[in-house]
Amino acid sequence: MEGSIRKRVGAVATWLLTFILMIIICVPGLWVILTAFRPNGEVLAKPPVWIPENPGLGNFAKIFGFGGDQIAIPVSAYFANSLIIALTSTVIALLIGMSGGYAFARYRFKFKNGLFLGLMLSRTVPGIALSLPVFMIWSRIGLIDAKMGLIIVYVAMNVPFTIWLIDGFFRQIPKEMSEAAQVDGCTRWQAFWKIEFPLAKSGIASAGIFAFLTSWNEYALASNLTRSTDSKTLPVGLMDFTAQFTIDWAGMSAMAVIIIVPALILTFLVQKHLIAGLTFGGVKG
Amino acid sequence: MTKSIFKTLLAASALTGIAATSVAAEDVDYGSFADYTLRVKLIGGAQYEPLYARIAEWEAMTGATVDVLSRKNHFELDREIKQDIAAGTLDWCVGSNHTSFAPQYGSIYRDLNGVISEATLAEFQPLALQNSTVEGRLVQLPRHSDISNLYYIKSLFEDADNKAGFKAEYGYDLLPPETWEQVKDQAMFFADAPTFYGTQFVGKDEAITGRFYEMLVANGGALFDDEWNPTFNSAAGVETVNWFKDLYESKAVPAGSLNYLWDDTGLGFASGTVALNLDWAGWASFFNDPENSKIAGDIGLVRAPKGSAGIRSGWSGSHTFSITESCDNVDAAASLVTFLTSHESQMVEATSGLLPTRAAVWGDAKAQFAADGNDFLVEVFETYAISMEEDAFTPPLITPWIEVSNEIWPQLQAAILGEKTPQEALDDAADAARLVMEDAGYL
Amino acid sequence: MATKRVPFWQREKYTPYLLLLPAFLILMFVVLLPLLFSLYTSFTGYRLIRPESLYDWVGLRNYRRIFTDGDFWSAFGRTILFLTIALNLEFLLGLGIALLINKITWGQRTLRTIMMFPMMFSPILVGYQFKFVFNDNIGILNNALYALGLSDGAIAWLVDKYLAMFAIIFAEVWMSTSVFAILLLAGLFAMPRDPLEAAKVDGCNSWQVFRHITLPFLMPFVFIAMTIRSLDVARAYDIVDVMTGGGPAGRTELLWTMIARTGYDNARMGQANAMAYVSILLSIAFTYYFFTKLLAARKYMGGAE
């Protein structure tokens, strides 16, 4: 079976090639992660120190306030805020998205295309253009420096894309299945949860991961709408490492690792759904 | 507790004067504000944080709680305060402020004359208080001042080859520079891009506007005339721009300078790849710390050099605390602000190289450094004391200062990069600045 | 009259509107309402630090000012250039990566996770990361080039006229190519096998297969990706702001950096909002263009509606 061996060698070679390419693409990001484990002096040295001479967890220790004269950065509060805000806004966006996506997929109604386009266009407004008016309205109703204030904003940011993905996914599910269930005595509501929702799970999961990453990483609006540990998220916390005159790049990198790792784990876990979800959603319907 | 008793107490504490170092904090009565929560917004950053560790002491003394609403760098804080003004959410009492930023904020901050007792104010350097005054109102209490002097790598100036080589090329002795012309000569002499640079400058934002401004003054120019007409497109202005441009074109400064801010220049000098570096006092300890700096122990310091008009550059400003007009407990706010700028507090800040605003702290801090055997910081304080006294001047304390600055610096960059001639660039900047001044009602 | 009157919210005719109600309510509250407010302020001389100037109606003055301002139009043109180059590069690179990964059968999940690695980075972090990569003195890029003997001087990546634009586009492409790759990969997965097999039997080489079968099938996915990316491409503001702040001498000034500086640093909110409106129209134009392309491609594919 010479041919199959050659084939296998070829496959391994392709894999290796792709792997190396991916790693090269990741280098700038990997460098950040490497920086997180090195002292600041070494990071900024010239001539450069390529291989870490004193790797360690010093930067993390500093963040949590062990040793050093720096006041601890309230990382756990930021982390909790980020998690609460990103998860809550993702769940709400998915619920609203499911409801809206279902409407677009299953019903004919007036202004359907116009409404759909309008939804999408609402997402094109740059954050920087929204930041002040949103701030002024939020400050009138007490949503500044409150988790709820950010959650509402992120739900709005994520709803258009979520509706789009979920709409495409529902269209893939034959109407007849739900109709059959209704004939069998289910209400439409029951049919949705018994038939359509389980089939759409992958699509919903992929919409969810996009929504989560958007909320988890958002900075422009969060930096305007948060003030203290009541609501500050991790990306805003990155700015704690910049001062009038200095940037603690090593410390910032350590914080970056804290931001990236949970997102990476989550993405790895829902990988399968992500591709499946995007494959069937979106286009064809 | 009434205001007058409080003032008396403050006065009493102030009278102890220099002896205050030895007085334990509990002996000074900062009042009692049990169950009151004071809301504050502070400037953050490694240099400023050690002082905030003292807030707990104040809380213990007064029974009040301090709620730090935000702790950001000044540009972020500035944006936040502007938003607060816009939205009317000035529901906090004490805010960090800066002499360059203060004029923008209009009347949101209280006049501290009468809030802080005269006896306390008398302890502060008159110039620092004068610079903290906007339209006759003392809107801020100076926490520490800042001014730049010229750091250099000592061994370069002691090296015999350098001395001989420099003399042969430029015709005068290689000594720490007295004038900006000499800085230019020496920078070009030492530069060996891309591994070593003669000097460096910050290249964007208000940073380069400030550097341009102080050298403009040193060269006998001025930003505005007495009627607030922009006058920086003068011969002195062109001379100043050319100084930057020549250094940039001859590669005596790093090629990326125009994207540099304070952290880049500070870290650059600490990396030992720059010969001469005009920088703020707050960097002194950092430069001389072997853990952060390659040139620790090899640093010389001279007063900022003179321009062609024989004036030394001395762009200066103070970090300050302000109290809002909308504050619901002015006594508590005043107590905290006084505490954070007290003799003891300023001694804490001085150890990291921040320049005191209370006259007595200068001498006491120096004595402290000498006792600790830190000769470098003694030298730093001696040099900076003279320049604070003789050379310091602030940018125009006008509302649209940042706006004017934003018109100037892109034009400076254009001139340095050779996209425009210095004269064209300055003319364009002056026209734009005139518009800003007209809009702001100065013209 | 025997039929019981069904409450209107239970009638089939209104159901879709009811289902869409939450989405529209929240978008009205978070997007439309603030936009109306900023539209109003764009006709005033509103200055952030003078709340009373909110009622200072100046008509079209802000718009007249920005339309006659050369700097504004350069930033406008530069933003279009930035969008066009970045989106196309992201598409091409994303397509290449997707095609490669699609070929792989074993260990694909790991590769896909690595591929999505840049998506984990917050835009603000990407900005700092590349500010340090491109630093002329201590940046790893210059140090690496120097160590490898590929350059003998410090390259001023963030200052040079062309390199500065290149640097910010590079950062944006690095951050967002993954999105294209993942969407296109999904497209490749959805592709039916039969036409491919048939083409091979007919003796087409792999380029011909790609050109005439794979690519046309992928086009709707391409437009979806383009639409999605053009929706949130303004996230690049965070990157540019950190890396260059629009400088030097306005060489990397995009509409977004200009808006932020005018609105916050200079406190001229009215004028900034006028600019913001122009930039919103620009984003809408880009999105609308790709969206119509998408609809056309869908029709071509014979999808529903």
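The contact between chain A and chain C takes 72 residues from chain A and 80 residues from chain C, where two residues are in contact if their C-beta atoms, placed from the backbone, lie within 7 Å. This is a predicted model, in which local features need pLDDT of at least 70 and side-chain atom pairs count only at pLDDT 80 or more, while totals for chains, interfaces and linings use all residues. Residues are numbered from 1 along each chain as its sequence is written, and chains are lettered from A and ligands numbered from 1 in the order in which they are written.

On the chain A side that touches chain C, at least two residues each come from H1, H4 (75–106), H5 (112–122), H6 (127–140), H7 (147–172), H9 (188–217) and H12 (249–280). Helices here are DSSP runs (H or I, at least four residues), as strands are (E, at least two), numbered from the N terminus. H12(A) gives the most to this side, with 14 residues. By class, the side divides into 54 nonpolar, 14 polar and four charged residues. Ala, Val, Leu, Ile, Met, Phe, Trp, Tyr, Cys and Pro count as nonpolar, Asp, Glu, Lys and Arg as charged, and the others, Gly among them, as polar.

Chain A itself is divided into domain 1 (2–58) and domain 2 (75–280), with bounds from an automatic or database domain assignment. The C-alpha centres of the two domains of chain A lie 32 Å apart. Their contact takes eight residues from domain 1 of chain A and seven residues from domain 2 of chain A. On the domain 1 side, H1 (2–35) and H2 (40–43) of chain A each supply at least two residues, and the largest share, three residues, comes from H1(A).

Chain C also meets chain B: 28 residues of chain B are in contact with 23 residues of chain C. On the chain B side, the elements that give two or more residues are H4 (74–87) and H18 (401–416) of chain B. H18(B) gives the most, with six residues. This side has twelve nonpolar, eleven polar and five charged residues.

Within chain C, helix H3 (residues 70–103) and helix H9 (residues 206–232) pack at an angle of about 140 degrees, with their axes 11 Å apart. Axes are lines fitted to C-alpha atoms, for helices over the stretch in contact, and angles run from 0 to 180 degrees between N-to-C directions. H3(C) is therefore oblique to H9(C); angles under 35 degrees count as roughly parallel, over 145 as roughly antiparallel, 65 to 115 as roughly perpendicular and the rest as oblique.
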